[in-house]
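Me: I'm new to this structure and would like to get to know it step by step. Could you walk me through it?

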Amino acid sequence: MSPWRRLKDFSAESWTIFLPGAMAVILRLGLLPWLPVPYPATTDEFSYLLGADTLSHGRLTNQAHPLWRFFETIHVISIPTYASKYPPGQAFFLAIGERLFGNPFFGSVLACLVFVSAVVWMLRAWMASEMALVGGFITAFAFGTGNYWLDSYWGGFVGATGAALVLGAVGRIREQKRFHTAWSFAAGSILLWFTRPFEGAFLILAVGTLLLFDVVRGRFPAGIDWKGSGLRSFVTVLLICGASTLAFQAYYDFRVTGHAALLPYSLHHREYDYAPVLWFQQPQIPTLDANPVVREAHQEWEMGVYHERRDLMLGWRHGNALQKLITPTELKEALKILELVAAVVVIVVLSILFWADHSVRALWFLLFLSMVPILLENTIFAHYMVGVTAVLIVLVFQLISLCRELRWRDSASGTVLAAFLIGALFCGVAGNNAYRAWREVKNPFPFKLQRAHVQQELTALSGQQVVFVHYTPVHNVNLEWVYNSADIDAQKLVWARDLGSEQNQQLIAYYSGRHFWSVNADSDIPEPVPYQP
């Protein structure tokens, strides 16, 4: 019996859907002695952790602190309530980790398991079970240890799981030519809504348009007959789940912002942001007079990103962008560009070769529409591209699956080509993440070590502490120290902004009985010293 045949028989078992995800989890947990639980480093991560801590306490938001000016920070709403600005999907999984396992990182690990399992389930709708299992293992190595989706709190897995569920449901609908798997489609749509609603909307629009084309072309034997095609029950489930989702969203909005139709993200944007969300929009004047450090982050850094993106999209800086792309400053950047170009070339060439296959054309259609929000937004990160990621996973392994069916003079040339592509793909993704993990062990981000050191030093002392954080005029706004948990007053260590000796007396009086410290976060080696007014 050939290896592919044995793999086919093995992968036919339903429980193997969870095998690649379990492998990724076991590998990451096994590396904890050398690659410990990550410490948050970015402003986004701290905001998600606030959301997770809020949910883990059984609340949707927190009361605004009476001295909120000392705790005002980036990506966090301070008034009318104290909450993360981000949708609650990622925070929900982190809260599970905090509540059940004592640390939100294990919520990220759980999300990894769910995502990889959803990918295998998705791929089974588009190709043979053995190729789906191979795709699951490659995905596990690509997004497992070393990838920031797992080794940070930024997220990506939850939204991508939603995209995988939607694409898996659509694949089954098109394969069996009946509208079913409505609950999977609805669950995926809900996860997208509560993580990446803008990008998710374009994916839902893309798959809806694709299914509409199939109905119009008569690919469904029952046509648009509501009963025969299963469309009635499909639409009913989606309407019920959609109405429930919107009802919860309205309640969540009301608790956080005070208005059922005002998203926390929109409130924060109104209060703090100068730059628009999309590059073709115009800047605005925020309604809140923010702390100078917070204001600089929005006025200087985010506006700089906005202008750079706008100039690029309008064609004013194509030359600079191209020069930056083709003249990398480090060897690893050059290798990354080479790897990316090679991958794109292979995908395009194989897509042209198999263009007659309707699934390849359908996937390219989904890919193009899913990329629209990426072209519109000011900033681009991998965890934004949940829809694109899921579509690319299906497209890549569908092309490899089609390669396997190639025959030249009755030889197994297609199988050899497929095996080569799988091997190259594995080496690429595993090598990238192994390098990232090694770099994190050998040369961790200094900010993580510095803030963690101060936190450990002060929490080890007896009694409760408050540390005033101040910065130099050349402070990097992306290295923000002032972040607290959902219940600020209950913390053993409270991080506060240094607002000057006169205003600081308000906080000293409020926290009478605590020990007060000061730290210059921009010094080479930040060390807390007793606070002196």
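Reply: Gladly! Let's start with a term: a contact means heavy atoms within 4.5 Å. The model here is predicted. Among contacts in the protein chain between residues at least 6 apart in sequence, the share that joins residues at least 24 apart is 74%.

Me: What radius of gyration does the protein chain have, and what would a compact globule have?

Reply: The protein chain has 533 residues, and a compact globule of that length would have a radius of gyration near 24 Å. The value for the protein chain agrees with this, being 25 Å.

Me: How many helices and strands does the protein chain have?

Reply: Both kinds of element occur in the protein chain. The count is 20 helices and seven strands.

Me: Which residue forms a salt bridge with arginine 28, and which parts does the pair tie together?

Reply: The partner is aspartate 151, with the closest N and O atoms 2.6 Å apart. Arginine 28 lies in helix H2, whereas aspartate 151 lies in the loop between helix H6 and helix H7, so the pair ties together parts that are 123 residues apart in sequence. The residue asked for is therefore aspartate 151, and the parts are helix H2 and the loop between helix H6 and helix H7.

Me: Is arginine 28 buried or exposed?

Reply: Buried means under 20% relative accessible area. Arginine 28 has 1% relative accessibility, so arginine 28 counts as buried.

How values were computed. Residues are numbered from 1 along each chain as its sequence is written. This is a predicted model: local features need pLDDT of at least 70, side-chain atom pairs count only at pLDDT 80 or more; totals for chains, interfaces and linings use all residues. Side-chain values use heavy atoms; hydrogens and water are left out. Helices (H or I, at least four residues) and strands (E, at least two) are DSSP runs, numbered from the N terminus. The radius of gyration is taken over C-alpha atoms; the globule rule is 2.2 Å times the number of residues to the power 0.38. A salt bridge is a side-chain nitrogen of Lys or Arg within 4 Å of a carboxyl oxygen of Asp or Glu. Buried means under 20% relative accessible area, exposed over 50%, partly exposed in between (1.4 Å probe, protein chains only).
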